[in-house]
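Biologist: I have a model open on my screen and would like to learn how to read it. Could you walk me through it?

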Amino acid sequence: MTVTVSWFLVLAAGLFSIGVAGVLIRRNALVMFMSIELMLNAVNLTFVAVSKELGLIEGQVAALFVMVVAAAEVTIGLAIIVSVFRDRSSANVDELAELKG
Amino acid sequence: MAETIVFIIFAAVALAGAVSMITASNPVYSAMGLLAAMFAIAVLYVMLDAHFVAAVQVIIYAGAVMTLFLFVIMLIGVDKPDAYGKQVPAQRVITGIVALGLFGSIVLAGRAAWITGSNAFGTANLNGTAEAVADELFGTWMIVFLATVMLLTIAALGTIALAYFRDVPEEEMVG
């Protein structure tokens, strides 16, 4: 039984689905954020696996760009979570249902 | 054979870390689960000959991003009670069905497209060293690279602005 690239793709699909489930069932903004990070990681794994399958380095470059965007997104998102927490003393997204500040 | 064993072990670690991340009631345990999943994914990158991406994964994700997450968890405190919040009836069941359906449709769509896994692993000649990645990154994708530089600068400025310009009454301002 040899490892083929499709094994990695199925694993990435599984990790992505777990990330989607995390966003759907959790109400803690931080854990939802971690689930989004997991989904980005799953997509990166897909990029790198297909890069291996095709013998092209571009997939790894795309994975690096995704990492950069994820890093920018984490800094902004965590800053928003912290500033929301300073106003409301909660990181639960159900308590942020109204737009009025 | 050794590759199969390594893949199975680290795929299991990644899946277990991901599941523990979404089921743990304490956000610190969630962060630890995500950390385990990220390290396992880094090992899988090494299996896929993406050595530089694996190093970046450990340094950026497992290092910087997870430290930032843990720092924010520390800052805002761990709100233990009611970690799942109010739930729509049968929300977990529906979520499980949606996630399984998504997984199945991704796999089916992938098979129907062109990835069938016919190539034996490791037949393609690819070596993702820092040099190989840099040749591509600073050659063909230079403009995109500069755009990401701008993106990171703007993100840093936005974070500073969010932390610094607060909507507070004048007398509470310090300095």
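Biologist: Let me start with the two chains: how many residues of chain B are in contact with chain A?

Modeller: Keep in mind that this is a predicted model. In it, 73 residues of chain B are in contact with 64 residues of chain A. On the chain B side, H1, H2, H3, H4, H5 and H6 each supply at least two of the touching residues. The largest share, eleven residues, comes from H4(B).

Biologist: And how do the residues on that side of chain B divide into nonpolar, polar and charged?

Modeller: There are 52 nonpolar, 15 polar and six charged residues on the side of chain B that touches chain A.

Biologist: Now chain A by itself. What is its secondary structure?

Modeller: Chain A has three helices and zero strands, in the pattern α-α-α along the sequence. For overall form, look at the radius of gyration: chain A has 17 Å, whereas a compact globule of 101 residues would have one near 13 Å. The C-alpha trace spans about 55 × 25 × 15 Å along its principal axes. Buried residues make up 57% of the 101 residues in the chain.

Biologist: I keep coming back to H3(A). How many residues does it have?

Modeller: H3(A) has 31 residues, 58-88. From first C-alpha to last, H3(A) reaches 44 Å, close to the 45 Å expected at 1.5 Å a residue. Just after the helix, Ser89(A) takes a positive phi of about 55 degrees.

Biologist: Which residues of H3(A) are buried, and what covers them?

Modeller: The buried ones include Gly59(A), Gln60(A), Leu64(A), Met67(A), Val74(A), Leu78(A) and Ile81(A). Their cover includes H2 of chain A together with H3, H5 and H6 of chain B.

Biologist: How should I read the way H3(A) sits against H6(B), and at what angle do their axes cross?

Modeller: Start with the general idea: an α-helix has 3.6 residues a turn, so residues three or four places apart point the same way. In this structure, the residues of H3(A) that meet H6(B) include Phe65(A), Val68(A), Val69(A), Ala72(A), Thr75(A), Ile76(A) and Ala79(A). Among their partners in H6(B) are Val144(B), Thr148(B), Leu151(B), Leu152(B) and Ala155(B). The residues of this contact divide into 14 nonpolar, five polar and no charged. As for the angle, the two axes come within 9 Å and cross at roughly 10 degrees, so H3(A) and H6(B) are roughly parallel to each other.

Biologist: Which residues is Gly128(B) in contact with, beyond its neighbours in sequence?

Modeller: Leaving aside neighbours within four places in sequence, Gly128(B) contacts Ile57(A) and Gln60(A) from chain A. In chain B its contacts include Asp49(B), Ala50(B), His51(B) and Val133(B).

Biologist: What is the phi of Asp49(B)?

Modeller: Asp49(B) has a positive phi of about 65 degrees, although it is not a glycine. Asp49(B) lies in the loop between H2 and H3 of chain B and counts as buried because it has 22 C-beta neighbours inside 10 Å.

Conventions:
Residues are numbered from 1 along each chain as its sequence is written. Chains are lettered from A and ligands numbered from 1 in the order in which they are written. This is a predicted model: local features need pLDDT of at least 70, side-chain atom pairs count only at pLDDT 80 or more; totals for chains, interfaces and linings use all residues. Axes are lines fitted to C-alpha atoms, for helices over the stretch in contact, and angles run from 0 to 180 degrees between N-to-C directions. Helices (H or I, at least four residues) and strands (E, at least two) are DSSP runs, numbered from the N terminus. Angles under 35 degrees count as roughly parallel, over 145 as roughly antiparallel, 65 to 115 as roughly perpendicular and the rest as oblique. Two residues are in contact if their C-beta atoms, placed from the backbone, lie within 7 Å. Ala, Val, Leu, Ile, Met, Phe, Trp, Tyr, Cys and Pro count as nonpolar, Asp, Glu, Lys and Arg as charged, and the others, Gly among them, as polar. The expected span of a helix is 1.5 Å times one less than its number of residues. A residue is buried if 20 or more other C-beta atoms lie within 10 Å of its own, exposed if 12 or fewer, and partly exposed in between; C-beta atoms are placed from the backbone. The radius of gyration is taken over C-alpha atoms; the globule rule is 2.2 Å times the number of residues to the power 0.38.
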